[in-house]
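Subject: Structure handover

Hello,

Here is the structure for you to look through. Please open it next to this email and find each residue as you read.

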Amino acid sequence: MKILFVHQNFPGQFKHLAPALAARGHEVVGLGINGLQQALPGVRYVTHNPQNADMPVSMRELFAKMARGESAARAMQALKAEGFVPDVVFAHSGWGEAFFIKDVFPSSRLLVYAEYFYGAEGGDSGFDPEFSSRTPEMLRSMRIKNTHLLHALSAADRGLSPTKFQRQQHPDWAQDRIDVIHDGIQTDIFCPNPAAFVTLGNGGPTLRPGDEVVTFVARQLEPYRGYHIFMRALPKLLKLRPQARVVIVGGDGASYGSAAPAGSTWKNIFLSEVVSQLDRDRVYFVGSLPHAVLTQLFQVSAAHVYLTYPFVLSWSLMEAMSIGTLIIGSKTGPVEELIQHGKNGLLTDFFDPEALAETVADALKRRHKLTRLRDAARQTIVRGYDLERVCLPAQERLVTAAG
């Protein structure tokens, strides 16, 4: 088979699937915008270059997606002129590259990675009244934001969503055509390590399993991932557990929600709310970490806090669960899909920092008695989300069945 993967930041979610299919003898091509950090065995990679233009603010979202679609289409036309006509195109639909695939390759089967659809009840829109509400302006914006996703869904032969929650955000008419298959977790890599340790900075403390280490991890420290709630919980948590150390991982920008007011960052805004109540010698902001160091941090963590709006689930949560970290998560749809309170983790109301502080403090106090939760968290990932034994074979079956 000839297979084309399309992703603005290729390989993205296809980093395991594309080389696996190439290893089985299929001709695999990847199409993206950015250069590859590392070549994938057996995978040919080509790029496209979308052009920007001045547009009214209300149209920039749609135009940017259409520009990406047109740019991707030109690159696909070039592949077609070379004689490469794929049996299957597997495209992430999130940035517009899937707009015109069927116009270039009408006979190819189209699979779309249906990561998220905006505006459904129970989703992220209007979830946090502190920052947004379902105003007419926001609803119009979401309508435009979903336009390219609807085009992709209507043209696709099948779709893939990594979780049930993410599939359920899509229109009812599309859900029957969307398979739920996660990207997969390398459980042999993300596993417990009683010998792990992490040293914080030059001359900082060395943390080991058994220490009272609380971790909070997000790509960016922003409200979408509950950073504001976590910070508001810290004063009470530190008071309840005077030996605890808190390690906060994440950048200063915004990945999903709106940017912080000009001249500031969400990190500093919510730190300033509580800084006078914190023992700063026990709170460490470490920025973004290399993946290997983050893995070691999860291995020494006594309690990992994961909060999120009802939105795309983070790989970091599942990696922490695979390691056997004790999870304290938010009672929001994507988290509740994986975690049952008292079975393989603990859950608190997203908007209740007091309850969060008390739950984490109690978990630290009883951490040696909660080994069953840690073990159950790992088994949840091993049995249902292991890359090599569960997810990758299911992804390969989806692609080969389409061709």
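Below is what was found, from the whole chain down to single residues.

**Ground rules**

This is a predicted model: local features need pLDDT of at least 70, side-chain atom pairs count only at pLDDT 80 or more, and totals for chains, interfaces and linings use all residues. Residues are numbered from 1 along each chain as its sequence is written, and side-chain values use heavy atoms, with hydrogens and water left out.

**The whole chain**

The protein chain has 15 helices and 15 strands. Both are DSSP runs, numbered from the N terminus: helices are H or I with at least four residues, strands are E with at least two. The radius of gyration is 22 Å, close to the 22 Å that the globule rule gives for 403 residues, so the chain is as compact as a globular protein of that length. That radius is taken over C-alpha atoms, and the rule is 2.2 Å times the number of residues to the power 0.38. Along the principal axes, the C-alpha atoms fill a box of roughly 65 × 45 × 40 Å.

Buried residues make up 54% of the 403. Buried means under 20% relative accessible area, exposed means over 50%, and partly exposed is in between (1.4 Å probe, protein chains only). Now take the contacts with a separation of 6 or more: residues 24 or more positions apart account for 68% of them. A contact means heavy atoms within 4.5 Å.

**Strands**

Two strands pair if DSSP finds at least two bridges between them.

- β1 (residues 2-6) and β2 (residues 27-32) run parallel, joined by five bridges. K2 stands opposite E27 in β2. Four of the five residues of β1 are buried, so this strand is largely enclosed by the rest of the structure.
- β5 (residues 109-113) and β6 (residues 158-161) run parallel, with three bridges. Y113 has L160 in β6 as its bridge partner.
- β6 and β7 (residues 178-180) also run parallel, again with three bridges. Here G159 partners I178 in β7.

A cis peptide bond joins F10 and P11, with omega about 10 degrees. For background, most peptide bonds are trans.

**Cavities and a pocket**

The search uses a 1 Å grid over the protein atoms alone. A cavity is a set of points where a 1.4 Å probe fits but cannot get out. A pocket is an open set with protein on both sides within 12 Å along at least five of seven lines. Lining residues have an atom within 4 Å of a point. Points are joined across faces, edges and corners, and a volume is the space filled by probe spheres set on the points.

How many cavities of 30 Å³ or more are there? The count is two.

The largest cavity holds about 50 Å³. Its lining includes Y113, L160 and H182. By class, the lining has six nonpolar, three polar and one charged residue. Ala, Val, Leu, Ile, Met, Phe, Trp, Tyr, Cys and Pro count as nonpolar, Asp, Glu, Lys and Arg as charged, and the others, Gly among them, as polar.

The second largest cavity holds about 40 Å³. G159 and I178 are among the residues that line it.

The second largest pocket has a volume of about 320 Å³. Of its 18 lining residues, the closest to its centre are P209, G210, Q299, G324 and R374. α10 (291-300) and α14 (371-385) are the elements that give two or more residues to the lining. The largest share, four residues, comes from α14.

Is H182 buried or exposed? H182 is buried, with a relative accessible area of 5%. H182 lies in the loop between β7 and β8 (198-199). Beyond its neighbours within four places in sequence, its contacts include P162, W315, Y385 and Q395. H182 and W315 are 133 residues apart along the chain, yet their C-alpha atoms are separated by 10.0 Å.

A262 is exposed, with a relative accessible area of 83%. Look for A262 in the loop between β11 (245-251) and α9 (266-274). A262 and L31 are 231 residues apart in sequence and 35 Å apart in space, C-alpha to C-alpha.

Best wishes
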